[in-house]
Amino acid sequence: MVRVILGGLIGAVVWLAVITGMSFALREVSPALAAALNAHTTVIALWGRLAISFLGSLLGGLVAALVSNESTRAPLGAGVVLLLLFVPYHLFGRDAGGPIWTHYPLWYHLTFFASLVLLSVLGGRLRRA
């Protein structure tokens, strides 16, 4: 059970590392692309941000499964940890422009929330492949 909990937590940290690393790499390789993704004003920019998160969720789930040596509970735990962190952040978090919830369309929030759990579990299943 300790390995499952540890795997879930490490999977969530991997998600954060992937997102941070990809954001940093984009800023270095293409400042214009990084600025477009941060603008969150076009559908392409929103899907670009989601794509980065999707990759992070898949890799986080895979690492959670590898750490725990099982492919379901730890990746699910990683996705749930991320969901528990980001739902309040999106609903109640603020930045210079006001509540985060108002910066993005509803479909974006719902897709992001669902993908955290679903793609983490899918990433865990990659361990078996």
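**Helix packing and buried positions in a predicted model**

Asparagine 38 is partly exposed, because its relative accessible area is 47%, and partly exposed lies between buried, under 20% relative accessible area, and exposed, over 50% (1.4 Å probe, protein chains only). This asparagine belongs to helix α2, residues 31–39, where helices (H or I, at least four residues) are DSSP runs numbered from the N terminus. Asparagine 38 and glycine 48 are ten residues apart in sequence, and their C-alpha atoms lie 9.7 Å apart.

The model is predicted, so local features need pLDDT of at least 70 and side-chain atom pairs count only at pLDDT 80 or more, while totals for chains, interfaces and linings use all residues. Residues are numbered from 1 along each chain as its sequence is written, and side-chain values use heavy atoms, with hydrogens and water left out.

Glycine 11 is located in helix α1 and is buried, with a relative accessible area of 1%. Leaving out residues up to four places away in sequence, glycine 11 touches Gly60, Ala64 and Ala78, contact meaning heavy atoms within 4.5 Å. Tryptophan 107 is 96 residues from glycine 11 along the chain, with 25 Å between the two C-alpha atoms. Serine 57 is part of helix α3 and counts as buried because its relative accessibility is 1%. With residues up to four places away again not counted, serine 57 touches Trp15, Ser115, Leu116, Leu119 and Ser120.

The packing of α3 on α4 comes next. These helices pack at an angle of about 135°, and their axes are 7 Å apart; axes are lines fitted to C-alpha atoms, for helices over the stretch in contact, and angles run from 0 to 180 degrees between N-to-C directions. The two are therefore oblique to each other, a class left over once angles under 35 degrees count as roughly parallel, over 145 as roughly antiparallel and 65 to 115 as roughly perpendicular. From α3, Gly61, Ala64, Ala65 and Ser68 meet Ala74, Pro75 and Ala78 of α4. By class, this contact has five nonpolar, two polar and no charged residues; Ala, Val, Leu, Ile, Met, Phe, Trp, Tyr, Cys and Pro count as nonpolar, Asp, Glu, Lys and Arg as charged, and the others, Gly among them, as polar.

Helix α4 (residues 73–92) also packs against helix α5 (residues 106–125), at an angle of about 165° and with the axes 7 Å apart. The pair is therefore roughly antiparallel. Among the residues making the contact are Leu82, Leu83 and Phe86 of α4 and Tyr108, Phe112 and Leu116 of α5. The contact of α4 with α5 divides into 14 nonpolar, five polar and no charged residues.

Of its 15 residues, Trp15, Leu82, Phe86, Tyr104, Tyr108, Phe112 and Leu116 touch the most other members. Two or more residues each come from α1 (2–29), α3 (43–68), α4 and α5, and α5 gives the largest share, four residues. Neighbours within four places in sequence aside, leucine 82 is in contact with Ala12, Trp15 and Leu116. In soluble globular proteins, nonpolar side chains tend to be buried together.

Terms used:
Core = buried A, V, L, I, M, F, W, Y, C linked by side-chain atoms within 4.5 Å.
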